Amino acid sequence: MKPFLERLALPDGASWATLNRRLDGEIPFQWHHHPEFELTLTLNSRGQRFIGDHIGSYDDGDLVLVGPNLPHSWCSAAKVEEAAPHVALVMWFLPQWTVPLGSVFTELRAVAAMLARAKTGLKFSDAAAAGARPLIEALFALPPDERLIQLLHVLARLARDADAVPLASPLAIADDRPMDRGRIDRVLDHVHRHFAERLTLDGLADIAALSPSGLHRLFLRHTGQSVTGYLARLRIGAACALLSGGTRPIAMIADEVGYDSLANFNRQFKAQRGLTPRQYRQRFRMGG
């Protein structure tokens, strides 16, 4: 199955496009990349965010700018309000569209600098995202010409966010080999659907139609991590979403994300997050 964004093209004669995506069930993992910049505001949803070799948790109001050809996906674990849908407000614009910003329109040099930083992805601070949220929500109801002005307003505001953080490493930008992209897409899709089960390198290599060593090299090139390291980060990230979004016992959560040993789960969790699962839950509830 092709990811939904691969089937989406900019309208004829347009330099940018928007999508108001609302899903009642879940935001599925759909690993993909494209030549446009992408600004995504995610609402009423929490789960995991994948940008190049970055894996992190997201929550309501998550705002991220992804650079051209940087593989990415979101994958939900829960809603904030169960009766409402997951929402992703997405804006795409071509790199060519941004070239004059720093040279011709000198007032927008900060925006041009921000877009250069976004080559490896940028997550905006909670304060900046909260400030931009009403502007982005209003943008979708405006006529096309006013929508463009509003987008520039949003970008100019975000360019002042001194607390925006980069997400991926420079090595994470996708190459342009269709066969490799198909292989890594198949493997990652399987890993994300079955991460709580027992997965073997040999089994995943069969899915990619590669030797285990060939899959290892492919995985490192596209994700910057080994299969084992990626799987561990995926499981712990899923656990974080469950710990922050409910009251299920920690032992039950460990089992749900693929750990049959609570001691091993606690050890892996602390190694990645610097806290035990119990401490993580307590800190999240205290707003930390």
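Visitor: How much of the protein counts as buried?
Guide: Of its 288 residues, 47% count as buried. Buried means under 20% relative accessible area, exposed means over 50%, and partly exposed is in between (1.4 Å probe, protein chains only).

Visitor: What am I looking at, and how are residues numbered?
Guide: This is a predicted model: local features need pLDDT of at least 70, side-chain atom pairs count only at pLDDT 80 or more, and totals for chains, interfaces and linings use all residues. Residues are numbered from 1 along each chain as its sequence is written, and side-chain values use heavy atoms, with hydrogens and water left out.

Visitor: How many helices and strands?
Guide: The protein has 11 helices and 9 strands. Both are DSSP runs, numbered from the N terminus: helices are H or I with at least four residues, strands are E with at least two.

Visitor: On to sheets. What is the order of the 3 strands in the open sheet?
Guide: The order is β4-β3-β6, with antiparallel pairing. Two strands pair if DSSP finds at least two bridges between them. The edge strands are β4 and β6 (72–78), and each pairs on one side only. From one strand to the next, the twist averages 20 degrees. Axes here are lines fitted to C-alpha atoms, for helices over the stretch in contact, and angles run from 0 to 180 degrees between N-to-C directions.

Visitor: How many bridges join β3 to β4, and how many join β3 to β6?
Guide: Strand β3 (residues 46–51) is joined to β4 by 5 bridges. For β3 and β6 the count is 6 bridges. Both pairs run antiparallel.

Visitor: What happens at Gly52 in the hairpin of β3 and β4?
Guide: Gly52 takes a positive phi near 60 degrees. That hairpin has 2 residues between the strands.

Visitor: And β4 itself, mostly covered or mostly open?
Guide: Mostly covered. Strand β4 (residues 54–58) has 4 of its 5 residues buried.

Visitor: What does Ala241 touch?
Guide: Ala241 touches Arg46, Gly47 and Ala77, not counting residues up to four places away in sequence. Ala241 lies in helix α8 (residues 227–245). Its relative accessibility is 5%, so Ala241 counts as buried. Ala241 and Gly56 are 185 residues apart in sequence, yet 9.9 Å apart in space, C-alpha to C-alpha.

Visitor: Next, the open sheet of 6 strands. What order?
Guide: The order is β1-β7-β2-β5-β8-β9, with antiparallel pairing. β1 and β9 (165–166) stand at the edges with a single partner strand each, so one side of each is left without a neighbour in the sheet.

Visitor: How many bridges pair β8 and β9?
Guide: Strand β8 (residues 122–123) and β9 pair over 2 bridges, in the antiparallel sense. Leu122 stands opposite Pro166 in β9.

Visitor: Now α3 and α4. At what angle do they cross?
Guide: Helix α3 (residues 126–139) and helix α4 (residues 144–158) have axes that cross at roughly 175 degrees and come within 10 Å. That makes α3 roughly antiparallel to α4. Angles under 35 degrees count as roughly parallel, over 145 as roughly antiparallel, 65 to 115 as roughly perpendicular and the rest as oblique.

Visitor: Which residues make the contact?
Guide: Among them are Leu135, Ile136 and Leu139 of α3, and Leu151, Val154 and Leu158 of α4.

Visitor: Where is His32, and is His32 buried or exposed?
Guide: His32 is in the loop between β1 (16–23) and β2 (37–43). His32 counts as buried because its relative accessibility is 6%. The backbone oxygen of Gln30 lies 2.5 Å from a polar atom of the His32 side chain.

Visitor: Last one. Ala83, buried or exposed?
Guide: Ala83 is exposed, with a relative accessible area of 83%. Ala83 is found in the loop between β6 and β7 (86–93).

Terms used. A polar contact is a pair of N or O atoms within 3.5 Å; within protein, one must be able to donate a hydrogen and the other to accept it, and residues adjacent in sequence count only if both atoms are side-chain atoms. Contact means heavy atoms within 4.5 Å.
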